[in-house]
Amino acid sequence: MSVDKQQLLQFLLRQGDNTLVLGHRVSEWCGHSPILEEDIALANTALDLIGQTQMWLGYAAEVQGEGKTADDLAFLRDAWDFRNVLLVEMPNGDFGQTLLRQFLFDAFQSVLMGRLMKSSDEQVAAIAAKASKEIAYHVERSADTVVGLGDGTEESHDRMQAALEYLWPYAGEMFESDDTDAAMAAAGVAPDPAGLREEYDALIGKVLGEATLTIPDSRYNHKGGRNGAMHTEHLGHLLTSMQWLQRAYPGCEW
Amino acid sequence: MYAQMIKTASAGVKSREEMTDQEREFQDKIDNDIKIEPRDWMPDDYRRTLIRQIGQHAHSEVVGQLPEGNWITRAPTLERKAILLAKVQDEAGHGLYLYSAAETLGESRDELVRLLHEGRMKYSSIFNYPTLNWADIGAVGWLVDGAAIVNQVALQRTSYGPYSRAMIRICKEESFHARQGYHAIMKMAFGTPEQTRQAQSAVDRLWFPAIMMFGPTDADSTNSDQSMAWKIKVKSNDELRQQFVDQTVPQIEYLGLDLPDPNIKWNEERGHYDFSDPDWSEFFNVIKGNGPCNVDRMKDRVAAWDDGEWVRDGLLAHAQKKAAAKVAAE
């Protein structure tokens, strides 16, 4: 079954914008983490995410077919054209909030990539195969840290519980489905995200349980990122720094 | 090179006659280029001086993340952002090897960090200068890592085994950084007039701070003799500075930028470039804490450490619970 190019483009932008925006957020930690090993780990995570972005947005630009590059897509679109979930644009907060956000995202990615490796689209499958090795390490590390801090001291537990309550309403958007998802599923490019929820819940339930954290009862979730309908106020500020040089000095080679 | 003005702990170089048998045996090893290893006997002053030097070097790697981190979120392309992230990750890794080297001398990382945060240890003066435009990031890789390499290549021959081996590993990565930095500044120098202006500004601002990295002139570097005899220091500050100037001036010329010092001139007779001394009063001011960024750099590092206390405590408490559970299960 042939794939609608516009729908495929939307799908690829969702992947690439997630990794771009989260990679940017993680890179904001540079030199400020609680211990040197974490500075290294955070830089490494950000680096992996930016590498994945180059692949996703590179393919997106190719599918778009307007002669643009991954950089054009990253640096020259405004907020309403971004298709990342709201979760990844949420501010870093303290180290616990950053790692909890990372875990909620890594867990989703680890479930998704297993499916994408079997995509009918060879390029999607190849990107997923490469990214999945990094994601396996990311989810192991973020899960270990969430467990360590959740089941650490009273203070670290309370901070992690507060982070979970703050971020939980943003987890559900990753499982929203729309026409794009239906088209991807029909063409065998990607699974319908709604179908991944059960596996995700089992994974995070185990880790958060070990971390002695309580998942909030509410399943209410904010949305509007992955379809661009309504991002948070945070994204505009993030793009203001990220895109500044390209906007201030257009058309340069760097 | 990120160690400057290291005060050598010593009452002066002893003659062979003044040395004890142990000291003579130690000096013989050094003179024969046999590395000193952690379990070997060494004079207390040798140990103390090395801890200061390696500690300062480690601190420099860690604080050095800040001026580059200042541009990670504004890097102009995905590739430049990835290169910069990889570089900063390397620097933090260098910090780790060096703290480990200091630990082999019996000084813990926590203690060295405490001394830094209390203002009792220093890091390289260069990191007290700001990075103000994107070309500065190229210039930091090219000039700052370039200056570090000149010093560190010499230090690969240093007498203390773990330090020497750390230098060999670090130099490989630093050479890569210097090449990437030069590539980044080439793009700027050969770019639009606005980019060229940024490149010129970077070279003008960072030239003197870069040549200050080698420390005061030999005439004012009174602590060197013992460090040279111990091969903790292998070449003099002025020798290293000249080597850096000689390799860097043609690179500035290749970029088509104006030289940052009107007195830079090839001296046929010496076979070296002549150049102006930096303003040493500025250098001593930066060392004393009066550089443009000293206060903010330390504020950032201390805040990172203090804000992270609950994380370190939490992870430690968890590790202890796990260890206790394992013992109970056995």
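1. Buried means under 20% relative accessible area, exposed means over 50%, and partly exposed covers what lies in between, with a 1.4 Å probe and protein chains only. By that scale Thr212(A) is partly exposed, because its relative accessible area is 38%.

2. A word on the basis of this note: the model is predicted, so that local features need pLDDT of at least 70 and side-chain atom pairs count only at pLDDT 80 or more, while totals for chains, interfaces and linings use all residues. Residues are numbered from 1 along each chain as its sequence is written, chains are lettered from A and ligands numbered from 1 in the order in which they are written, and side-chain values use heavy atoms, with hydrogens and water left out.

3. Most residues other than glycine have a negative phi. Thr212(A), however, has a positive phi near 55°, and its place is in the loop between α9 (197–210) and α10 (233–242) of chain A. Helices here are DSSP runs of H or I with at least four residues, numbered from the N terminus.

4. Lys231(B) lies in the loop between α9 (224–229) and α10 (237–254) of chain B, and its relative accessible area of 22% makes it partly exposed.

5. Gln180(B) belongs to helix α7 (residues 161–189) of chain B. Setting aside neighbours within four places in sequence, Gln180(B) is in contact (heavy atoms within 4.5 Å) with Arg80(B) and Ile83(B).

6. The contact between the chains takes 48 residues from chain A and 47 residues from chain B. The buried area, meaning the accessible area (1.4 Å probe) that two parts lose on being put together, summed over both, is about 4100 Å², and carbon and sulfur atoms give 68% of it. Pro34(A), Leu36(A) and Trp254(A) supply 17% of the area that chain A buries against chain B, more than any other three residues.

7. Four salt bridges are counted between chain A and chain B, a salt bridge being a side-chain nitrogen of Lys or Arg within 4 Å of a carboxyl oxygen of Asp or Glu. Lys187(B) forms a salt bridge with Glu253(A), where the closest N and O atoms are 2.9 Å apart.

How values were computed. Helix = DSSP H or I, 4+ residues; strand = E, 2+ residues; numbered from the N terminus.
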